[in-house]
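Morning, everyone. Let me put the structure up.

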Amino acid sequence: FTGFDGVPSAPSSLNADTNTAMCAVLTWPDVANASGYLVWTNGVECAFVATNAATCARSARAHTTFGVSAVNGSAQSDRISLELPPAPPPPFILFFR
């Protein structure tokens, strides 16, 4: 992490595009003086990203909670969270002989 301008605010909203089967594309508004963002899945830190978007895996069997916090140096904002229902099962392909 670089620079330090104080604790950044938490992202104001968190959105998820779930048009892909087992993934969620997360987006959030930029946060002033954030050097990057920590992305969380079910309470576990899973990525650091420099932009305001991330692609994360979803569970097919349980609800998945995603979270994002803004960081600046060693300072971290509160986390904003979003819970998604289980991903739909993949389509079945039947072959007949």
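I'll go through a hairpin, some ring contacts and the cysteines.

First, the ground rules. This is a predicted model, where local features need pLDDT of at least 70, side-chain atom pairs count only at pLDDT 80 or more, and totals for chains, interfaces and linings use all residues. Residues are numbered from 1 along each chain as its sequence is written, and side-chain values use heavy atoms, leaving out hydrogens and water.

Strands S3 (residues 36-41) and S4 (residues 44-49) run antiparallel, joined by five bridges. Strands are DSSP runs of E, at least two residues, numbered from the N terminus. Two of them pair if DSSP finds at least two bridges between them. Val-39 has Ala-47 as its bridge partner in S4. Two residues lie between the strands, and Asn-42 in the turn has a positive phi of about 50 degrees.

Now the rings. How many aromatic pairs does the structure hold? One. Trp-28 and Tyr-37 sit edge-to-face, 5.3 Å centre to centre, with 65 degrees between the planes. The cut-offs: centres within 6.5 Å, using the six-membered ring of Trp; planes under 30 degrees apart are stacked, over 60 edge-to-face, the rest tilted. Trp-28 and Tyr-37 are both buried. Buried is under 20% relative accessible area, exposed over 50%, partly exposed in between, with a 1.4 Å probe and protein chains only.

Last, the cysteines. The disulfide count is zero, with sulfur atoms required within 2.5 Å. For Cys-23, the nearest cysteine sulfur is that of Cys-56, 8.5 Å away. Cys-23 is partly exposed, at 29% relative accessibility. From Cys-46, the sulfur of Cys-56 is 4.5 Å away.

Definitions and conventions
Helices (H or I, at least four residues) and strands (E, at least two) are DSSP runs, numbered from the N terminus.
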